[in-house]
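Here is a brisk report on one structure. Please keep the sequence and the 3D view open while reading.

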Amino acid sequence: MAIAADPVRAETARRRGWYKRNEISLTPWLFLLPGILFFAVYVIIPIFQSVWISFHEWDGLGEKQWVGTDNYERLLGIDGTRWVEGEPVVVGTNPETGAEIVQIPMVLETELNPETGEEEVVIVERNMDRKFEISFWNNVKWLILYLLAMPAGLFIALFLNQTVAGIRLYKSLFFFPFVLSQVVVGLVFSWFYLPREGLLNGLLGVFGLGPLNILGDPTLATYGIIAAGLWPQTAYCMILYLTGLNAVDPEQVEAARLDGAKGWRMLWYVILPQLRPATFIAFVVTIIGALRSFDLISVMTNGGPFGSTRVLSFYMFEESLSEFGFRMGYGAAIAVVLFFIMLGFICYFLYSMWRDEKGAR
Amino acid sequence: MHSILKASAAALALGAIAVPATAEDLSGTLRIISDMSNPAPRAVMEGLAAEFDALHPDLSVELEIVDREAWKTQIRNALSANPPDVVNWYAANRMLPYVNANLFMDVSDLWAEPEFEALASTKGAMTINDAQWGVPYTYYQWGVYYRADIYEELGLEEPATWDEEIANCQAILDSGRKCYTIGSKFLWTAGGWFDYINSRTNGYDFHMALARGEIEWTDERVRQTFANWRQLIDMGAFIDDHQTYSWQEALPFILEGEAAAYLMGNFAVAAMRDGGLTDDQLDFYQFPVINPDVDFAEDAPTDTFHIASGAQNVEAAKEFLRFVTSADVQSRINGGDALGQLPVNANASVSDDKFIQQGFDMLSNNAGGGVMQFFDRDFPAEMASVGMEGLQEFMVFPDNLEDILLRLEDARQRIY
């Protein structure tokens, strides 16, 4: 109050300039600015660009051609109109050679209706793109089965949460696969699965089973890759739960013990509720890991055999960016679908975090 | 930054020497991006660049070598932003996207020069829309590489007809071996089998019409091709689990004598020699006749040089193309100690390597039907990728053929 009453100080405060007066509210934004800038340029803007490209037919080299929702209709098998190459249009002349520059625009396919004698837009029947369907269901398999990493990680964490000689070494050994690159994990597992020399078939042979060519069998290959992915993901969940277990209140455990709780009931009613934050983080990273399952597939099967292990991200890459992929628009449409699937999970995560924060207040 | 530095260093050097430049002499910088990244081709390419650089004192040649597999996707960016003058690529339909997007320069004027008549055999593969878009520097034959010692042990001869082929295969199977090794994980190896069986069954013209999308995949003649192929599959001629192996991972089967032959390109010879096979153990035969009414057509993929349409130094680039196609250079770069492949220039001399000689003889005298570039170069990119996936599935589950053909036909109608 004294400051406001002092006219001299009020005057200096006014003279200090606009920035000084707003320092408190501006500084955080200044610190955030580089992050916001990069996030916008590399994440936010490309999302809108992808959506924009998905409404075009484009080989990544020439001109984009507007085809509306055609890519989505093909992907999802919605009956509708079809875009075809129309009459060439002269758009200009080459200043050097004088040759005409011709563009072929995409137009809606029409046909003459014999009854009315008028050109009518053709409606074609479509089935859902089978590769898309396979990729989508593989994504679902990944999402569900990848969650097995959570109980497995919890189990190992409970097992390792004790004090014996050398426990740090055991913990590091269990954590080790997470440190490995996904490419290395993929290679190691593809050798493990090799149909003749592989360790797996050696083991099966001991029990008189097999031989089994997991990565060569379209019905098993996806499960084989998920199993490989679970190895590092389990280690990740284990570390999250181990840190969570450190924070478990020993007094509550003591109290529960006095009340006669032990075993499963102890775990379910006393330990797990205290591990909720760890469970939440493990869930988030596992879901994101499942949706990012690109490198393992690329290394282990390259999407094969006959495309049975593709997921949406791999299919998108194949259609638009790989050796034979020249369909940027179609690839972008797949990416947009994948984006909305992810968005569903992200919204759920944000909502539950917001709810927790509100509850804590 | 690198290129700017190099260019200015070259400019400085030129200023210091101060050689009076004649009107014809090339000057400036020639930028080449090459995909010849394997050890032997890399040495060849570096030698070429150095030699061309030395030939033209005022010209500085900048060479950048990119990994061969990576180049297949990088070429798009390389050609559209700050394009180099000369790039490597492949013949036939593999050029199409870049020709359509005006990223390759029309070099028909080079092909009109009398020296280029010696390259006539590949002119068709370099032609799109009645113009030529690049020049070839090497090609190699495909065919059946087989274990001569196993054939001798079983008393077999190189088969000339399909019946002999089947009989041989039965004898090999009876001896507890497989007839053919193949690794179809990356799909294209199955394309080779389709190329051969289809062109031997229905002829070169039919095969190319199929590649151009003029024939339905559900056509009776295409089915006949698959029926012939199926004879081998049903016999168990191919190794088990080939969908899990790359072509290199399928090599041990022939090296260890578990399979007797490999349908492959000539580049596999080096790998098989490295694997310990001597020239007495390894031999080559042309894929046998299936339908006696059609002439032999052979897979002989051609690797090429192109000028980017955004090239800065077009004169130097064209001179470089003349240089690499000249008989002398073609003889040297394709020699047994260099690429170990076939020169395209008819006046070039062919290495005396046993397999190169056989391949040269086969392609010169016994490929009257025509020369195919290979499945993934003759068919448009999208059709090739859908197609090869179908071929792999057919090799594992031949009963799915009907479904596969319908799928390919569906793709054909959409793509062309």
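## A strand pair in chain B

Gly28(B) has Leu59(B), in β2(B), as its bridge partner. This is a predicted model. The two strands involved are β1(B), residues 28-34, and β2(B), residues 59-65. β1(B) and β2(B) run in the parallel sense and share 7 bridges.

Helix α2(B) spans residues 39-55. The helix packs on the sheet and touches β1 and β2 of chain B. Its direction makes about 165° with that of β2(B).

## The whole sheet

β1(B) and β2(B) belong to an open sheet of 5 strands. The order is β2-β1-β3-β12-β6, and the pairing is mixed. Strands of a sheet pair through backbone hydrogen bonds, either parallel or antiparallel.

Which strands are at the edges? They are β2(B) and β6(B), the latter covering residues 135-139. Each of these pairs on one side only. On average, neighbouring strands of the sheet are turned by 25° against each other, direction ignored.

## A helix pair in chain A

In chain A, helix α7 (residues 149-160) packs against helix α11 (residues 221-246). The angle is about 50°, and the axes are 7 Å apart. That angle makes α7(A) oblique to α11(A). The crossing of the two helices is right-handed.

Residues of α7(A) in this contact include Ala149(A), Gly153(A), Ile156(A) and Leu160(A). Those of α11(A) include Leu230(A), Thr234(A), Cys237(A), Tyr241(A) and Leu245(A). The residues of the α7(A) and α11(A) contact divide into 13 nonpolar, 3 polar and no charged.

## Between the chains

Chain A and chain B also meet: 18 residues of chain A are in contact with 22 residues of chain B. What classes make up the side of chain A that touches chain B? That side has 8 nonpolar, 8 polar and 2 charged residues.

How values were computed. Residues are numbered from 1 along each chain as its sequence is written. Chains are lettered from A and ligands numbered from 1 in the order in which they are written. This is a predicted model: local features need pLDDT of at least 70, side-chain atom pairs count only at pLDDT 80 or more; totals for chains, interfaces and linings use all residues. Axes are lines fitted to C-alpha atoms, for helices over the stretch in contact, and angles run from 0 to 180 degrees between N-to-C directions. Helices (H or I, at least four residues) and strands (E, at least two) are DSSP runs, numbered from the N terminus. Angles under 35 degrees count as roughly parallel, over 145 as roughly antiparallel, 65 to 115 as roughly perpendicular and the rest as oblique. A crossing is left-handed if the near helix is turned anticlockwise from the far one by less than a right angle, and right-handed if clockwise. Two residues are in contact if their C-beta atoms, placed from the backbone, lie within 7 Å. Ala, Val, Leu, Ile, Met, Phe, Trp, Tyr, Cys and Pro count as nonpolar, Asp, Glu, Lys and Arg as charged, and the others, Gly among them, as polar. Two strands pair if DSSP finds at least two bridges between them.
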